[in-house]
Amino acid sequence: MESLIYSADKQQPSSPLTNTRSKKKEPSKNPNPKLAGGFVLVHAGAGYHSESKAKEYKLVCKRACQRAVDQLKAGALAVEAVAAALIELEDSPFTNAGMGSNLNLSGEIECDASIMDGKSLHYGAVGAISGIKNPVLVANRLLSEAQRGKLSAGRIPPCFLVGRGAREWAVSHGISPCPSEKMATKFSLSAYKRNKRKMELAEKMDTGHNQRKKRRQSNENENGAGCLDTVGAVVVDLEGNVAAAVSSGGLAMKHPGRVGQAAHYGCGCWAENGCNMNPYSTAVSTSGCGEHLIRTMLARECSAAMQSEDAHNALLEAMQNKFISSPFLANEDRVLGGVIVLRCCRCLEAPPSQNLQGLLVEFLWSHTTESMCVGYMSAQDSKAKTHISRLPPGTRPGQCLAIEGGVCRLMSVVE
């Protein structure tokens, strides 16, 4: 594992870090603005990232990291920083989220997104939502509204909305709509036309069992490792709060109304501050074939695995045993997915007289797809680092995995 060490500005005092949970409404800003900083890890999808577009994928990851770090430096909590990163990822025409998302069978864009706050354990999600440029904004608003408590007459506020109801709720809460035709890009429209022609040709050639089998295999390839650019991010602020988010336009040529893992609880993302039972705070964001990720609840499984002493081996075993070899996917020829994982704990890295406290952050990514593009940055970095991880040459996607990561130490002075 790559090892990266960062030290926070030691001139700014801070209060002792905490790893506690709260069920009360959280403020949008860090209550201790002097304790500003943190770390962000983002991904632009697990799938296939061509060398010709590598520069664009890396650039959008850098921008997402910078946007999250800007929020952290301004004193925002992890949940606001992770939402900011997702907005940048959704706005890129090169990702399958928000603007430029895959079109469904009807030629429309329907998006999924979710976000989870590790401190309050609240979660917000939208599925198959159309006409909203940044679905993560709606998911985040659902999360924040739930933290306000019950509605009139004691009604429980929603945490997951879909379709037209999700769009109407978003507009009623001040989120501007965006015509679907404006969300489609030249690239996504050309991909839709190309996929539609392939499907029409396959239908004409469908004269028997063998042809049907070939068509299924063709569709799997079309919706497989090359078209899974779901985006996501995980963040920790210097108070030790973690948050995770994910957003997706779904599989190309999906059936209208289909909801992928990006919206499902425990499947698209997971964030949980440490407590007495769990010493580590963890945050996870996934990407890949939604149906595979839903049936294995991979985000929550990886989070639970991160409580083991060795993070690298824990993630390796989780991806192998809970995903590739999962009994829930026993009949699948290829199991396609990827995760980014962050875990942290408090640490004391100096003699008590120096009052140095901080966070030890371990971050990892793993995927069974051909490639996965990631970016990461601490609040002390001048710019983000990016990397396109690829499977070893000669290996087959869906049957083997790659895993990489690093360590980041965030330090601060306690008065």
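**Exercise 1.** In this predicted model, determine which ring the charged end of Arg343 sits over.

*Solution.* Locate the charged end of Arg343 and the ring centre of Tyr280; they are 3.8 Å apart. A charge counts as sitting over a ring if CZ of Arg is within 6 Å of the ring centre and within 35 degrees of the ring normal. The ring in question is therefore that of Tyr280.

**Exercise 2.** Classify the pair formed by the rings of Tyr265 and Trp270, and state for each residue whether it is buried, partly exposed or exposed.

*Solution.* Step 1: the whole structure contains 6 aromatic pairs. For Tyr265 and Trp270, the ring centres lie 5.2 Å apart and the planes meet at 65 degrees. Step 2: planes over 60 degrees apart count as edge-to-face, so this pair is edge-to-face. Step 3: Tyr265 has a relative accessible area of 38% and is therefore partly exposed. Trp270, at 5%, is buried, because the limit for a buried residue is under 20%.

**Exercise 3.** Identify the residues that touch the most other members of the largest nonpolar core, and describe the surroundings of Val361.

*Solution.* Step 1: the core has 53 residues, and those touching the most other members are Phe39, Leu41, Leu315 and Val361. Helix H10, residues 311-324, contributes the most, with 7 residues. Step 2: leaving aside residues up to four places away in sequence, Val361 touches several residues, including Phe39, Val236, Leu342 and Leu410. Step 3: Phe39 also belongs to an aromatic cluster with Phe363, Trp365 and Tyr376.

Methods
Residues are numbered from 1 along each chain as its sequence is written. This is a predicted model: local features need pLDDT of at least 70, side-chain atom pairs count only at pLDDT 80 or more; totals for chains, interfaces and linings use all residues. Side-chain values use heavy atoms; hydrogens and water are left out. Rings of Phe, Tyr and Trp (its six-membered ring) pair if their centres lie within 6.5 Å; planes under 30 degrees apart count as stacked, over 60 as edge-to-face and the rest as tilted. Buried means under 20% relative accessible area, exposed over 50%, partly exposed in between (1.4 Å probe, protein chains only). A nonpolar core is a set of buried Ala, Val, Leu, Ile, Met, Phe, Trp, Tyr and Cys residues joined through side-chain atoms within 4.5 Å. Helices (H or I, at least four residues) and strands (E, at least two) are DSSP runs, numbered from the N terminus. Contact means heavy atoms within 4.5 Å.
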